[in-house]
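Keep the model open while you read, and find each residue as it comes up.

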Amino acid sequence: MTAQSAANSDIARWNLKYQKGQSRKIEPKGEPELMALADLLDNEGLALDMAAGRGRTALFLAELGYRVIACDGAEAALSGCSRFARDHGLNVSCMVCDLETYRFSEGQFDLLVVVRYLNRKLLPILPSWIRPGGWLFYKTFNSRFLMTNPGFNPEYTVEPGELDEIFSGLDIHASDTKRGGLVSDERMSFVFARKPPGND
């Protein structure tokens with residue numbers, strides 16, 4: 001199986017999962033750490049919610065005042081988000097794309113949010129999509145998650161504190177190893193960082 005066909009089968013699997021759950025109610029909701037740090041955000045400009053799933057984070061960002069692109073490979077995931085945004089007058093554009101291959105423009109976003117999605121090939125690229133002075137919030141599973149979910153693929157986990165190293169070129173304001181008390185689940189790691197002004 002080629003990488004492309006593997007990615008396509010993965011998208012098909014997630015589409016089926018989201019189709020089965022389309023009757024579930026959707027509402028805006030940010031991750032606890034992001035909500036706790038939201039007062040540092042500019043609440044304007046363009047935000048990307050990457051691997052948006054059903055779009056609750058995208059809707060939360062739109063409520064803050066951002067224009068939001070909610071991007072996911074599974075079209076079924078985004079359908080409810082699109083309806084909610086339309087019905088409530090929120091500025092969210094839903095975009096179906098293959099996250100393995102799609103690339104955004106340099107300096108395109110004022111805020112980039114990724115939750116529970118890990119593609120190590122993308123990690124070095126993500127900061128380039130953020131404008132100088134823009135923000136990154138990244139949260140995903142760490143190796144502690146394997147203790148309670150031994151069947152989970154360890155390739156989709158990071159080590160605690162690893163995100164600090166990966167995004168060391170940004171100004172890190174909070175993470176799972178800094179500014180204690182913000183981690184809602186010790187099995188998750190996160191980083192909240194700002195791209196230095198004037199950093200191309």
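**Notes on the model**

1. Start on the outside: Arg 86 is exposed, because its relative accessibility is 55%. Here "buried" means under 20% relative accessible area, "exposed" means over 50%, and "partly exposed" is in between (1.4 Å probe, protein chains only). Asp 87 is exposed as well, with a relative accessible area of 56%. Arg 86 and Asp 87 form a salt bridge, with 3.9 Å between the closest N and O atoms. A salt bridge needs a side-chain nitrogen of Lys or Arg within 4 Å of a carboxyl oxygen of Asp or Glu.

2. A word on what you are looking at. This is a predicted model, where local features need pLDDT of at least 70 and side-chain atom pairs count only at pLDDT 80 or more, while totals for chains, interfaces and linings use all residues. Residues are numbered from 1 along each chain as its sequence is written, and side-chain values use heavy atoms, leaving out hydrogens and water.

3. How many salt bridges does a search of the whole structure find? The search gives 10. As a rule, side chains of opposite charge can pair when their charged atoms come close. Take Arg 56 and Glu 31, whose side chains meet at 3.1 Å, N to O. Arg 56 lies in helix α3 (residues 56–64) and Glu 31 in the loop between α1 (3–20) and α2 (32–37), so this pair ties together parts 25 residues apart in sequence. Helices (H or I, at least four residues) and strands (E, at least two) are DSSP runs, numbered from the N terminus. Glu 31 is buried, at 2% relative accessibility, whereas Arg 56 is partly exposed, at 32%. Salt bridges also link Glu 31, Glu 33, Arg 56, Arg 116 and Lys 139 into a network.

4. Now try Arg 194 and Asp 42, a salt bridge with its closest N and O atoms 3.9 Å apart. Arg 194 is in strand β7 and Asp 42 is in the loop between α2 and β1 (46–50), so the pair ties together parts that are 152 residues apart in sequence. Both ends are partly exposed: Arg 194 has 28% relative accessibility and Asp 42 has 32%.

5. On to the rings. The structure holds nine aromatic pairs. Rings of Phe, Tyr and Trp (its six-membered ring) pair if their centres lie within 6.5 Å; planes under 30 degrees apart are stacked, over 60 edge-to-face, and the rest tilted. Phe 104 and Phe 109 are edge-to-face, at 5.3 Å centre to centre with 75° between the planes, and both are buried. Phe 137 and Phe 190 have ring centres 6.0 Å apart and planes at 35°, so that pair is tilted. Ring pairs also join Tyr 102, Phe 104, Phe 109 and Trp 129 into a cluster.

6. Look next at strands β2 (residues 67–72) and β3 (residues 92–96), which run parallel and are joined by five bridges. Two strands pair if DSSP finds at least two bridges between them. Cys 71 stands opposite Met 95 in β3.

7. Which residues of the largest nonpolar core touch the most other members? They are Leu 61, Val 92 and Phe 192, out of 29 residues. A nonpolar core is a set of buried Ala, Val, Leu, Ile, Met, Phe, Trp, Tyr and Cys residues joined through side-chain atoms within 4.5 Å. Helix α3 gives this core its largest share, five residues. Apart from this core lies another, of 28 residues, including Leu 112 and Tyr 117.

8. Finish with Tyr 117, in the loop between β4 (109–115) and β5 (130–141). Tyr 117 counts as buried, at 16% relative accessibility. Leaving out residues up to four places away in sequence, its contacts (heavy atoms within 4.5 Å) include Met 50, Leu 99 and Thr 140. Thr 140 sits in strand β5 and is buried, at 1% relative accessibility.
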